[in-house]
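We will go from stop to stop, picking a few residues each time and looking at what surrounds them.

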Amino acid sequence: MPVFRALAYFVQEALTSLWRSRLINALSIGTIGVSLFVLGAFLTVASNLNAVVTRWTEKVQVTFYLEDGLEPRIREMLESRLKDDPAVETLTTISRQAALDRFRALFHDLRTLPDDLAENPFPESIEITVKNGHQSPEEITRFVTAFEKSPGVEEVQYDLLWIQRLTTAVRLVRGLGGVLGGILALASIFTISNVIRLTVYARQDELDIMRLVGATRAYVRGPFIVEGMLQGGLGGVVAVALLWGGLRFVARDLLAASELLGRAAIFMPTELAFAIVLGGMAVGLVGSLVSLGRSQV
Amino acid sequence: MIQAFHVYKQYDRESVALSDITLHVEKGEFCFLTGPSGAGKTTFLKLVFREELPSQGQILVGGRNVTAIPEAQIPELRRSIGVVFQDFKLLKRKTILENVAFVLRILAVPHKEQKRRAFNALKAVGLHHKMHAYPMQLSGGEQQRVAIARALINEPMLLLADEPTGNLDPGMAQEIMTLFQEVNARGTTVLVATHDREMIQRMGKRVITIQRGRVNE
Ligand SMILES: Nc1ncnc2c1ncn2[C@@H]1O[C@H](COP(=O)(O)OP(=O)(O)O)[C@@H](O)[C@H]1O
Ligand SMILES: [Mg+2]
């Protein structure tokens with residue numbers, strides 16, 4: 001009960017103090033908000049890219065183009081060896097005619113093009129979808145190397161390069177966000193600690209009096225710590241609001257206009273929103289501890 | 001209650017505020033500490049509730065050596081001592097009711113009881129009708145009475161009062177002295193620093209005189 005009462009007192013004092021110097025506090029909340037927004041934006045982009053990568057890897061496909069005029073016996077041998085490989089989920093053999101039909105169905109306007117060439121330009125192929133758990137770049141590389149030199153295989157095509165590029169991009173965005181976010185978080189800590197220090201200076205007399213009539217150090221410091229955490233938490237809320245607004249803008253006005261990614265719904269992970277607010281509070285906590293550590297209180 | 005042994009206090013190199021002070025104040029006693037301005041009265045009181053540390057010597061308060069207690073135990077010491085500061089030391093952003101209640105607040109006394117007891121303490125110094133005023137809205141004498149109410153609210157084992165009647169007219173000064181006598185009768189040891197000779201004579205209590213930092217009993 002006494003602990004609860006002390007906490008209630010800290011919060012009450014902190015709120016009063018926040019309101020009393022609302023201009024300077026708005027400044028520090030804004031600084032934290034912008035910093036966390038930048039960090040959050042990078043993380044959001046990273047997790048959206050990551051979702052795209054995951055979706056793509058879910059249907060990783062490897063296509064083996066077969067040599068022209070291949071003996072059915074050799075093709076059947078290749079098929080049965082492929083079926084035995086643990087990475088293979090499904091196997092479909094596409095005849096030259098089937099490939100041509102597919103092309104005509106997909107590209108309606110160009111359907112007469114193969115006729116102009118007088119001969120069906122499409123080779124026979126075997127399409128493999130890769131099993132869950134075998135979709136890592138390493139595993140796919142292993143699979144492809146095992147079969148690319150097999151008799152009858154002319155060429156292998158797969159999405160690995162793109163997956164690798166995207167994975168690298170995700171890492172890059174995340175790393176960049178981390179570094180930038182870290183720098184900005186330090187700036188926020190610096191801002192909060194200075195704002196709190198100003199408040200402590202302005203109220204030094206009062207704090208001395210409290211100590212003289214028997215208040216403990218923790219009791220005198222409590223309101224400032226809560227104040228810092230409130231500043232940080234409010235900064236976090238500002239950042240989440242900015243992110244949410246920004247994402248809505250991007251999703252509605254930019255992506256809807258371009259058919260390209262229209263179906264890929266842009267999202268902000270809920271955990272990220274909570275993490276940003278909690279992160280803000282942590283930044284505020286560190287900031288006020290730094291300023292109190294240097295003060296006489 | 002207070003035992004000082006060969007206490008010295010030097011704030012800076014040029015001057016000595018207290019020099020070889022040895023004195024005792026018994027439990028339950030009411031006594032005056034007097035001497036001209038600058039004699040070291042305030043300094044001595046500061047040493048008792050550990051606002052300052054002596055440069056040399058030991059001070060025991062209620063049997064505890066306050067010159068040796070760890071930092072963490074200072075709040076506990078101060079809570080057992082009521083202090084009327086010469087410059088009042090009121091929290092200017094809080095009403096006088098809140099100022100008086102603050103002492104109970106840090107002890108986590110329930111809110112209603114804080115209010116009730118703070119109101120009664122203000123009533124005892126005749127200021128309950130101004131309880132929602134802020135210190136700056138009061139006269140010096142009124143602020144002094146608030147400081148007195150705060151010092152007394154928790155029935156301390158020891159009351160230290162530094163020129164508590166300095167800003168009061170004779171009638172009010174006498175009322176405050178009567179209040180101190182009542183508190184003393186309930187068991188609180190009282191030490192009043194003052195240079196008001198007339199009042200000291202009227203009260204007929206033990207007097208400790210310091211002059212230029214030395215006891216002159
Ligand atoms: N914080 C301080 N720093 C330096 N000198 C001080 C301080 N406080 C008091 N003094 C000096 O110590 C001496 C005693 O002061 P004080 O205890 O306030 O006397 P009194 O209360 O009897 O008037 C004075 O010479 C005063 O100038
Ligand atoms: Mg004095």
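## Where the chains meet

Between chain B and chain A, 5 residue pairs are in polar contact, with both residues at pLDDT 80 or more; such a contact is a pair of N or O atoms within 3.5 Å, where within protein one must be able to donate a hydrogen and the other to accept it, and residues adjacent in sequence count only if both atoms are side-chain atoms. Before going on, note that this is a predicted model, in which local features need pLDDT of at least 70, side-chain atom pairs count only at pLDDT 80 or more, and totals for chains, interfaces and linings use all residues. Residues are numbered from 1 along each chain as its sequence is written, chains are lettered from A and ligands numbered from 1 in the order in which they are written, and side-chain values use heavy atoms, with hydrogens and water left out.

Select the side of chain B that touches chain A. Helices α2 (74-79) and α3 (96-105) of chain B each supply at least two of its residues; helices (H or I, at least four residues) and strands (E, at least two) are DSSP runs, numbered from the N terminus. By class, this side has 11 nonpolar, no polar and 9 charged residues. Here Ala, Val, Leu, Ile, Met, Phe, Trp, Tyr, Cys and Pro count as nonpolar, Asp, Glu, Lys and Arg as charged, and the others, Gly among them, as polar.

Now show both sides. The contact (heavy atoms within 4.5 Å) takes 20 residues from chain B and 19 residues from chain A. Together the two chains bury about 1,900 Å², 60% of it on carbon and sulfur atoms; buried area is the accessible area (1.4 Å probe) that two parts lose on being put together, summed over both. Highlight Arg78(B), Arg93(B) and Arg105(B): they supply 29% of the area that chain B buries against chain A, more than any other three residues.

## Charged pairs

How many salt bridges are there between chain B and chain A? The count is 4, a salt bridge being a side-chain nitrogen of Lys or Arg within 4 Å of a carboxyl oxygen of Asp or Glu. Over all chains, the whole structure has 21 salt bridges.

Pick Lys94(B) and Glu13(A), whose closest N and O atoms are 2.8 Å apart in a salt bridge. This pair crosses between chains, from the loop between β6 (81-84) and α3 of chain B to helix α1 (residues 2-20) of chain A. Are its two residues buried or exposed? Both Lys94(B) and Glu13(A) are buried, where buried means under 20% relative accessible area, exposed over 50%, and partly exposed in between (1.4 Å probe, protein chains only).

Next, select Glu71(B) and Arg217(A), a salt bridge with its closest N and O atoms 3.8 Å apart. Glu71(B) sits in the loop between β5 (64-65) and α2 of chain B, and Arg217(A) in helix α9 of chain A. Glu71(B) is partly exposed at 46% relative accessibility, and Arg217(A) is partly exposed at 36%.

## Into the core

Select Phe102(B). Leaving aside neighbours within four places in sequence, Phe102(B) is in contact with Tyr9(A), Met210(A), Val213(A), Ala215(A), Tyr219(A), Leu91(B) and Lys94(B).

Phe102(B) is also one of the residues that touch the most other members of the largest nonpolar core, which has 104 residues. Such a core is a set of buried Ala, Val, Leu, Ile, Met, Phe, Trp, Tyr and Cys residues joined through side-chain atoms within 4.5 Å.

Then colour helix α8 (residues 204-212) of chain A: 7 of its 9 residues are buried, so this helix is largely enclosed by the rest of the structure. Among the buried ones are Glu206(A), Leu207(A) and Met210(A). Just after α8(A), Gly214(A) takes a positive phi of about 105 degrees.

## Two backbone stops

Most residues other than glycine have a negative phi. Zoom to Ala108(B), whose phi is near 60 degrees, a positive value, in the loop between α3 and α4 (111-124) of chain B. Finish at Arg212(B), where phi is near 45 degrees, again positive. Arg212(B) lies in the loop between β9 (206-211) and β10 (214-215) of chain B and is exposed, with a relative accessible area of 78%.
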